[in-house]
Amino acid sequence: AMNFFVVNCKMFLADLEELLMKWASLFAVKAYPGVLHRPAVGLIATRRDTSTPEQQQNVIAVYAKLKHVYEPYFQFVETPFFMDGRKSNSNDMNKLKQTITKMMGYALEGAPGRPAVCQLVEEALSYITGHEKKPIITKSKFVKLLCEAIRTQKSLSSKYSEEAIRSELKEDILKDALFYLTNMGKLVAFDTPQLADRIVIHPEWLYDVLVGRLFSAPPLPPPHVTYVNGHANYKDVCNILKTDHATGEEAVQILAELGYLIIRG
């Protein structure tokens, strides 16, 4: 999806920076660094017609700082859009329309010109989750189940060729479909080297089990965890988070990529 912060171009510089940083910090709670394709974010500044060039430069400067701080969380539109509310056909308004159309088309179709694979994976996901009870699987297992779905489900085999899909997947087009489904909340895929081959096909396990354990009450109870200067021992946390489906190290890495904890040292 496309997300926008909207501000008054005439705001005082300090107020503008404080407001945008606060909004971004709140929004970042729901954004996951390391997950395929960060949420798209842009900035709309109103009152272009009554603001000064200096005020507009303030907006540009604060937006640049925002991008620098939150680049791991969001995919930023390159520059802010300055709007004159009296005009519906200004250059910036047209650019905004084009940007929204482009980004929404990419989110809904997976990527320009690649809607078939995204649609296929979404349609096949119910088969994949129904035949694989493990919450986290390898990418190769995911592709195997995807091809099984094409072979066995008439609703899929009538529209897609397994050979054609395998050919497309060799071009790494699967990444587009995983991006789409990750943003839809139907699975969780990662873009970091440590987890690039792992796909969480049952997101409820991720949040009910892993996140639930991490934020149990009291959090990470002292009988099970050693603390040094306020930091929990890495091996102790791994022992708490390990499950039948993921090692403790893997679970820690997943939660770190989603921003729930930070690995030091």
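Contact here means heavy atoms within 4.5 Å. The structure is a predicted model, in which local features need pLDDT of at least 70 and side-chain atom pairs count only at pLDDT 80 or more, while totals for chains, interfaces and linings use all residues. Residues are numbered from 1 along each chain as its sequence is written, and side-chain values use heavy atoms, with hydrogens and water left out.

**Figure 1. Cover of helix H10 (residues 234-241).** The buried residues of H10 are covered by elements that include H9, strand E9 (231-232) and H11. Helices (H or I, at least four residues) and strands (E, at least two) are DSSP runs, numbered from the N terminus. Within H10, the buried positions are Asp236, Val237, Cys238, Ile240 and Leu241; buried denotes under 20% relative accessible area, exposed over 50%, and partly exposed the range in between (1.4 Å probe, protein chains only). At the start of H10, the backbone nitrogen of Lys235 has a side-chain oxygen of Asn233 within 3.0 Å.

**Figure 2. Packing of helix H9 (residues 203-214) against H11.** Two packed helices are described by the angle between their axes and the distance between the axes. The axes of H9 and H11 come within 11 Å and cross at roughly 95°; H9 is therefore roughly perpendicular to H11. Axes are lines fitted to C-alpha atoms, for helices over the stretch in contact, with angles running from 0 to 180 degrees between N-to-C directions; 65 to 115 degrees counts as roughly perpendicular, under 35 as roughly parallel, over 145 as roughly antiparallel and the rest as oblique. Leu206, Leu210, Val211 and Leu214 of H9 meet Ala251, Ile254 and Leu255 of H11. The residues of this contact comprise seven nonpolar, no polar and no charged. Nonpolar covers Ala, Val, Leu, Ile, Met, Phe, Trp, Tyr, Cys and Pro; charged covers Asp, Glu, Lys and Arg; the others, Gly among them, are polar.

**Figure 3. Glu257 in helix H11 (residues 248-257).** Glu257 counts as buried because its relative accessibility is 13%. Its side chain makes a polar contact with the side chain of Gln253 (2.9 Å). A polar contact is a pair of N or O atoms within 3.5 Å; within protein, one must be able to donate a hydrogen and the other to accept it, and residues adjacent in sequence count only if both atoms are side-chain atoms.

**Figure 4. Asp244 in the loop between H10 and H11.** Asp244 has a relative accessible area of 80% and is therefore exposed. The C-alpha atoms of Asp244 and Lys134 are separated by 9.0 Å, although these residues are 110 residues apart along the chain.
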